[in-house]
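Please read the following explanation with the sequence and the coordinates side by side. It moves from a sheet to its surroundings, then to the chains and their domains.

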Number of protein chains: 2
Amino acid sequence: MTVLETINSPQDVKKLSVEEMNMLAQDIRDGILKRVNTIGGHLGPDLGIAEATIAMHYVFDSPKDKFVFDVSHQVYPHKMLTGRKHGFLEPSKMHEISGYSNPKESEHDHFVIGHTSTSVSLATGVAKARDLKGENYNVIALIGDGSLSGGEAYEGFNNAAELNSNIIIIVNDNEMSIAPNQGGLYKNLAELRNTNGQAQVNVFKAIGFDYYYVEEGNNIEKLIDVFKKVKDTDRPTVVHIHTLKGKGYEPAVADKETYHWHLPGFLNSNESSVNQEETYNSITKDFLLDKKQKGEPVVAITAATPGVFDFNPEFRLKMGKNFTDVGIAEEHAIAYASGLAKNGAKPVLALMSSFVQRTYDQMSQDLALNNSPATVLIYWGGISGADMTHLCTFDIPLISNIPNIVYLSPVSKEEYLAMLEWSYSQNEHTVFIRVPAIDLVSDGTSDNTDYSQLNKYKLVEKGEKVAVIAAGNFFGLGRQVREEIKKQLGFDATLINPRFLTGVDSEMLENLKKDHSVVITLEDGELDGGFGEKVTRFFGNSSVKVLNFGSKKEFTDRVPLEELYNRYHLTKELIVQDVKEVL
Amino acid sequence: MTVLETINSPQDVKKLSVEEMNMLAQDIRDGILKRVNTIGGHLGPDLGIAEATIAMHYVFDSPKDKFVFDVSHQVYPHKMLTGRKHGFLEPSKMHEISGYSNPKESEHDHFVIGHTSTSVSLATGVAKARDLKGENYNVIALIGDGSLSGGEAYEGFNNAAELNSNIIIIVNDNEMSIAPNQGGLYKNLAELRNTNGQAQVNVFKAIGFDYYYVEEGNNIEKLIDVFKKVKDTDRPTVVHIHTLKGKGYEPAVADKETYHWHLPGFLNSNESSVNQEETYNSITKDFLLDKKQKGEPVVAITAATPGVFDFNPEFRLKMGKNFTDVGIAEEHAIAYASGLAKNGAKPVLALMSSFVQRTYDQMSQDLALNNSPATVLIYWGGISGADMTHLCTFDIPLISNIPNIVYLSPVSKEEYLAMLEWSYSQNEHTVFIRVPAIDLVSDGTSDNTDYSQLNKYKLVEKGEKVAVIAAGNFFGLGRQVREEIKKQLGFDATLINPRFLTGVDSEMLENLKKDHSVVITLEDGELDGGFGEKVTRFFGNSSVKVLNFGSKKEFTDRVPLEELYNRYHLTKELIVQDVKEVL
């Protein structure tokens, strides 16, 4: 029997000897590896935080003492100690337990958290509520693994320092973000590490925290010592612990970036096979490298997720000073891009759909209001079976209602490259491009469209009665719907690729009124505030009926894609059925 | 002839003696006072930065050297020195010059900036573009007056420190934000002031900047000395200057908060008259104080703009520890509210519409995903003649498309108080309320609606043929439209107060299909992604025609409200004209 098998709640942790706790750390690592190898997930950050989590549960009394996990992808060890080890040890039950903090799973989780840099602010609220109610317990935020660079974290530190009561912030310093840490703060962390926490210059003390340093952040005894010291403190306190990301699994230590998150099946596999196929990632990288090689002032930018775009170390080396990783700092990334563009450089910023929502005011004020000619690439936009914290269905409502922004949605390799080249070359508009989140499709002929003619849709197939306006990822579905209409109803519908998500082609839509009674829109994202509603509003004054297809306004949590497509009527059969009802 | 009258460009500043520059500072102050007393505007921050601006133009060579003004409400002195003094001295020309940085006005302005905390990020981009292009000049960001607390500023500092080349950040430390400065960082600024910049603990050095301190930040000679020292540096450099907000106008020094921004006509007026009328501000404060006096864990929260809600010093004193000003830190404010709500306190966060857009991910992830029962009050939402940087027309598209959030839009005092009480008392939903941005309207009877029945619209007047769905500020316009329809067309239209901006009342709308052929929606904000489009989408499958009235997707800049109402057809006559075309 392993030690982990004896642990059913944090109470059981408190009974262990240090030796047993060290064995428990190994059991936890085995569980992490088993889960990630089976269903994929976060590997490195969880491996590194095993000892600290054990020590936290040994010293503090959860759930009375309240833990708030930042970058809750560090929460696997905590889950294993709080009644959820079956989600790691039993393959058939792994999907029952999410990869993030979730109060519905356990009283030891207090928030649903998936994005980063939030824990200090949340914990400050928790602590303030405690004080107002005259209660007495510890509030502990665990932050780190790169999330310190986000502005929300800093705003939180600033205000936590004002609390004048118990709040303990454990800074998990593993020298890494997802990619290596960027930015000035990390220099100070390094200095603190190099001086065993003794450096005079100390950013945490500077803003008013008591400060403790644990060099051996994977040493349970030393962690317990310090946690005991700070327990029940009446002061805002930082415990800076130096941990090893990936500890216990050599490949994850050697290549921290690759093993931050991983697909299943990596154990005992040979990873050296390189994908030679052309993808939207590969053609984007080729585009950027070509500009760099021509000596142009291109700047490829990521906010700590280069892996999403395959901005791998080889690519970064080739780009050199024409590449910037700003760290987890999307607000800065947008404003930085605006500064670059306004001073004649050519920024191309890549962001995941789920993370572009970490910036809005900057898109509106720093970019759009200034018409800064930056290019922003949005990846992974679309409906998926993702965790509720990482949905990518909201970027169209978020971005497309900001004045001045041109949001393009290509449907093929050629269209994407033409849009990218146009965006890069022009100096009038802020341009976002929703990079297709499907396999690369080539339509064989180059695209010579002049995209400076805004909101010009492409009439792909002229038909009658029903017009299908199918955007981006769903253009293929639009074609299928057209074929299904032919099959079931016997006529040729019109098929339109709108290309622009930010406006309507009034001329083309006006023409449709002549010989169409139904228009349908297809978009791979939320309907509320999205693309289709703009089309519907256009037709509001006419007798043309309009049906919008896309996702409902809801947070879905790991719901299989097929189920979502059925729920939202996103199959050709269901769509044609709906069309028949109004035809 | 004043010295200012001799200044037509920064070149003229360079010819002045120190004595003349001091006279120039006085002339600038006269100009600031004249402008603000005539058309209103930012007073205290501009008065405090006169000397620094003169010294900047004396030492640096704008526009070759590039100034980026954060909280560009500190830009008045700069405008006077760069060919725009007529906007301060000549009443008939004051409206030609905006109160914010604007490249269309001058080559000495590089960005349109109105919101805060952006300058360091923008300047980092400008400097990086310079380096990539092999150019050589100084890039100077002026930040301060409270804007250091915003997360974007910190993200910017973090990345500017990585530049390894010339960027000079002037930190204007006037010991104030709009309200007194909050947060840990400001403790360090105080320590630096108290030690003449010598304190060991120095947050700027901690993150990698060279650091200079100027205690007499209103002393032109001392400023010139330091600016000369840092000019052409090849290092990221902070110049921390200690200035006096409001300098030169005693009332603005004595009451920095009141005179941060002021309406015209304050010179020689008696300010002691207190408005005794009931307003949405006064009833909100009464509500909060009542909860506090009952010993409930209410927490009133502002992000550095207490004046907007009349959270004056007297109110703050009464609220005591049940009041939090987080500083300019809207992201933190939202997450903090979530933490409070989840731990049993009752947060009521007040934000201006224009500033709520400084947070989105937190609304979505920290609040909505967690269904945290916080109350967020949105003020000033609506179409206005404001500067393009401070429009309040985007909050409905921004907020109402986030799942789980309930966004309410009351039309009267009684409805507002009922919504506020419901929101405060319940524990199921994250609730936003769009506080009416019009004079308080009482409808004389108390509102006993159960708002936990989501998306139930109120049928105010049952009629036929045309249904008018009029939200919030525009409910009165809706009533006028109904009267105009009666007058011109002779029948009684239906009038509906939707109350919920986040969904449609399917039952009521379905019923309308029976005896209505036209539905119109009225909302005081942007149509794209807004409330009306949801209604239009609902009717897409029917023969009911729907017209949406609201503002276009555009940034408008100080366009008179009447002109906007005409442009958007927001008068009863224009609306009825449009209705007649489709009836």
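**From a sheet to the assembly**

In chain B, five strands with parallel pairing form an open sheet in the order E2-E3-E4-E6-E5, where strands are DSSP runs of E of at least two residues, helices are runs of H or I of at least four, and both are numbered from the N terminus; two strands pair if DSSP finds at least two bridges between them. The model is a predicted one, in which local features need pLDDT of at least 70 and side-chain atom pairs count only at pLDDT 80 or more, while totals for chains, interfaces and linings use all residues. Residues are numbered from 1 along each chain as its sequence is written, and chains are lettered from A and ligands numbered from 1 in the order in which they are written.

The edges of this sheet are strand E2 (66–69) and strand E5 (210–214) of chain B, each of which pairs on one side only. From one strand to the next the twist averages 20 degrees, with axes taken as lines fitted to C-alpha atoms (for helices over the stretch in contact) and angles running from 0 to 180 degrees between N-to-C directions. Within the sheet, strand E3 (residues 139–144) of chain B pairs in the parallel sense with strand E4 (residues 167–173) of chain B over five bridges, and B:Ile140 has B:Ile168 in E4(B) as its bridge partner. Helix H7(B) packs on the sheet, where it touches E2, E3 and E4 of chain B, and its direction makes about 175 degrees with that of E3(B); contact here requires C-beta atoms, placed from the backbone, to lie within 7 Å.

The contact between the chains takes 98 residues from chain B and 98 residues from chain A. On the side of chain B that touches chain A, the largest share, ten residues, comes from helix H7 (residues 119–132) of chain B. How are the two chains related?

Chain A is assigned domain 1 (4–245), domain 2 (280–434) and domain 3 (458–582), with bounds from an automatic or database domain assignment. The centres of domain 1 and domain 2 of chain A, taken over C-alpha atoms, are separated by 32 Å.

Methods: Contact = placed C-beta atoms within 7 Å.
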